[in-house]
Amino acid sequence: MNQGPKSQANGLVGTTAIVTGASRGFGRAIATALSVAGADVVGVARNRSLLEEVGSQLGDTFTPVVADAADPATAGRLIDEYRPRTLVLCAGAAPRMSPLQDQTWETFSENWNVDVAQAFHWTRHALRRPLASGSSVIVMSSGAALAGSPLSGGYAGAKATVRFITSYAAIESQRAGLGISFVSVLPRLTPATDLGAKAVAAYAERQGVDVDTFVQAGGPALTAEQAGRSVLEIAIGEPGDSDAYLLTSSGLSPLA
């Protein structure tokens, strides 16, 4: 998919977008892509200094909000205050990288308490509010939801549940005639983010190869900038009407 001048003429100009996990990685790249396309971006994260870095890069189009995206009060407060046209849920916990027998229930369930909780609270409030017709809710899941991830505890199952929550919300929006689109994005494993780099290192060690060899075996790696452009494509309605996409370095592929 080619992202070019069309971004300058899309319907995001003058609208508001909320991006959780906006301080780094995919979230930061997504916030940047939406800002460049003309949206006023509210970036949510817990790290104030990193959010301020994003703000210094994007200027007045970026509003930093230091908050816990998994807290239901955060979802309700920010949706009610900003009434976003685009909502991107990208925050998540970094899983402990160790085999099942070395996990505790606390480490195993961390992504359920953060990633799943975030998806539930924000999509629920988007439906109950509801957001305006024509709004988009884009939720970052993971390719691990399809293939599993034996070194990351409950991460893969949590991300599969994130995808289910998003699809359930899409069904409810359609049933109620709300006109809100709910889409999940499943990025393939990549060393381009802090979380991905740790996972790549762990799986490379497990296979007894170096990181470069492991990465090269998987083909071209997805970059954060590609993730940002792809989420922008969904926000402006380019890919189609699927409620879930696999994201690789080749772009978005709809999932059944």
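**Figure 1. Residue types in the lining of the largest pocket.** In this predicted model, the lining of the largest pocket consists of 25 nonpolar, 16 polar and eight charged residues. The lining is made up of 49 residues in total. Those that lie nearest the centre of the pocket are Gly92, Ala93, Tyr155, Thr193 and Leu195. The volume of the pocket is about 1,200 Å³.

**Figure 2. Secondary-structure elements around the largest pocket.** The element that gives the most is H8, with six residues.

**Figure 3. Tyr155 in helix H7.** Tyr155 belongs to helix H7 and is among the residues that lie nearest the centre of the largest pocket. Its relative accessibility is 10%, under the 20% cut-off, so Tyr155 counts as buried. Along the chain, Tyr155 and Gly196 are 41 residues apart, and their C-alpha atoms are separated by 12 Å.

**Figure 4. Strand E1 and its two partners.** Strand E1 covers residues 16–20, and four of these five residues are buried. E1 pairs with E2 in the parallel sense, over five bridges. Within this pairing, Ala17 has Val41 of E2 as its bridge partner. The chain passes from E1 through H1 to E2 in a right-handed β-α-β crossover. E1 also pairs with strand E4 (residues 86–89), again in the parallel sense, over three bridges. Here Ala17 stands opposite Thr86 in E4. Side chains in a regular strand alternate between the two faces of the sheet.

**Figure 5. Pairing of strands E2 and E3.** E2 pairs in the parallel sense with strand E3, which spans residues 62–66, and the two are joined over five bridges. Val44 stands opposite Val65 in E3.

Figure 6. Arg129 and Pro130 are joined by a cis peptide bond, with omega at about -20°. Pro130 is located in the loop between H5 and strand E5 (136–140).

Figure 7. Arg83 is not a glycine, yet its phi is positive, at about 45°. This residue sits in the loop between helix H3 (72–82) and E4. Arg83 has a relative accessibility of 37%, between the 20% and 50% cut-offs, and therefore counts as partly exposed. Strand E4, at one end of this loop, pairs with E1.

**Figure 8. The chain as a whole, for orientation of the close-up views.** The secondary structure comprises 10 helices and eight strands. The radius of gyration is 17 Å, close to the 18 Å given by the globule rule for 256 residues, so the chain is as compact as a globular protein of that length. Along the principal axes, the C-alpha atoms fill a box of roughly 50 × 40 × 35 Å. Of the 256 residues, 51% count as buried.

Notes: Residues numbered from 1 in each chain as written. Predicted model: local features only at pLDDT ≥ 70, side-chain atom pairs only at ≥ 80, totals over all residues. Heavy atoms only, no water. 1 Å grid on protein atoms, 1.4 Å probe; cavity = no way out; pocket = protein on both sides within 12 Å on 5 of 7 lines; lining within 4 Å. Points joined across faces, edges and corners; volume = space filled by probe spheres on them. Helix = DSSP H or I, 4+ residues; strand = E, 2+ residues; numbered from the N terminus. Nonpolar A, V, L, I, M, F, W, Y, C, P; charged D, E, K, R; others polar. Pairing = 2+ DSSP bridges. Rg over C-alpha atoms; globule rule 2.2 N^0.38 Å. Buried < 20%, exposed > 50% of the residue type's maximum accessible area, 1.4 Å probe, protein only. Right-handed = clockwise from strand over helix to strand, strands pointing away.
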